[in-house]
Amino acid sequence: MRALKLIPLAAALLSAPAAAQGPEVLTDTGNTAWVLSATLFALTTIIPGFALFYAGRVAPRNRLSMPLQTGAVLAVVSTLWILIGYSIAFSANGGNWIGSAANIMLADTLAVRDGQSIGEIVFALFQMLPAVLAPVILLGTVAERARFGWVVPFAGLWSLIVYAPIARWVMGGGWLQDMGVIDYAGGLTVHLTAGVAGLVTALMIGRRKLAEEPREGSSALVAFGGLGLVWIGWLGLVGGSDFAATDLGAGSAIINTHLSASVAALVWAALDRRALGRVTPSGFAMGAIAGLVAASPAAGSIGPLGALILGLAVAPASRFMLALVRSKLGIDDAMGVFAAHGIGAIVGVILTAVLSASAFDGVGYAEGAGIGSQLVIQLVAIGAVTIWTAFATLILGYAVSAALPMRVSSEEEARGLDPAAA
């Protein structure tokens, strides 16, 4: 009988530690479920999306190296993001230029994110995907000649030195956010940084030796399948950027992004038809990517009319830049990263200032702002992000290459990176 009386006391003692583990997290379960789902969709943009998109556009002897590099970059940047990257970008008690060490190893993230209805740990998980996406996109510029041993440490350090501080400026309570910059889903943080850094690294590494390689690559079918996964995942990334499962937020952003990509793909295809006499799979894909990029900064503040205008504007601008970089300037940007992502981001960030106006079916501006003042803010952001990205990428690229060679040997390049990477 005495033993029976001790059972409730023992049960209470055993349950006490669980109650003292930490503060109760009161989140909106619907919004949390949506953001978690959007995170998984966004992951398909990287693997298998860009992994296949790039693999199908390189020579057959290099098609395995691209998924391998993509996977390695995903792994190293994800690890660094959890260790310190998130804290640099989003810690609550940091400064306008860089965060603090408060959230190293995701410490103190088991509570509701300030200003959100989701837990900060979920917020950190979602924000990890753009942090990985930027260096993965960057890989496309140096395809078929970058050494695996250089790519991985460079991408990891680049995510901490370039991406994380810029994410702080734009989205983490930094000085550009204080100015009122509009960047809904990574036009500045992901695509402009990747485009500018890609151009810099392409200049650093030099042209490929075998210039006669066909532009369509080893498998247009594989590349097109990768495009489909990128497209789907991108809509998840854009939809999740509202951090709430709403029709006026996430739903509108997804529609605007999809429309911009569709229009840009059709415009690029029409331009190819007129110039080349045929529609090319790579051209259609590049148009779609450019349309997705252009909508990223604007998706939450424009309407369908604005998305239509974005698609019409970005395709000819990116296509012109692709020809200029490759043919006129002689820069071997293998996947056209600067044209699609860099120029796409610039077009999108600038037109966001115009197309957010109610006259274009946009949501309008913050109190006291208008087209002119918003345009100035957007241009300042473009300039600041471009300058820091170019400078830091140049210094970092040469610093890493001083210890680890950037480029494979001529023999490895001729044989192919697949066996060289192994």
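In the predicted model, arginine 319 is partly exposed, with a relative accessibility of 22%, and its side chain meets that of aspartate 272 in a salt bridge with an N to O distance of 2.9 Å. This pair links distant parts of the chain, since arginine 319 belongs to helix α11 (residues 304-328) and aspartate 272 to helix α9, 47 residues apart. Aspartate 272, at a relative accessible area of 4%, is buried.

Five salt bridges are found when the whole structure is searched. One of them joins the side chains of arginine 147 and glutamate 412 at 3.6 Å, N to O; because arginine 147 lies in the loop between α4 and α5 (148-171) and glutamate 412 in helix α14 (residues 410-415), the pair ties together parts that are 265 residues apart in sequence. Arginine 147 is partly exposed, at 26% relative accessible area, whereas glutamate 412 counts as buried at 17%. Arginine 407 and glutamate 413 also form a salt bridge, their closest N and O atoms being 3.0 Å apart, and both of these residues are buried.

Positive phi values in residues other than glycine occur at aspartate 108, near 60°, and at phenylalanine 243, near 55°. The peptide bond from isoleucine 47 to proline 48 is cis, with omega near 10°, and proline 48 lies in helix α2 (residues 29-55).

Methods
Residues are numbered from 1 along each chain as its sequence is written. This is a predicted model: local features need pLDDT of at least 70, side-chain atom pairs count only at pLDDT 80 or more; totals for chains, interfaces and linings use all residues. Side-chain values use heavy atoms; hydrogens and water are left out. Helices (H or I, at least four residues) and strands (E, at least two) are DSSP runs, numbered from the N terminus. A salt bridge is a side-chain nitrogen of Lys or Arg within 4 Å of a carboxyl oxygen of Asp or Glu. Buried means under 20% relative accessible area, exposed over 50%, partly exposed in between (1.4 Å probe, protein chains only).
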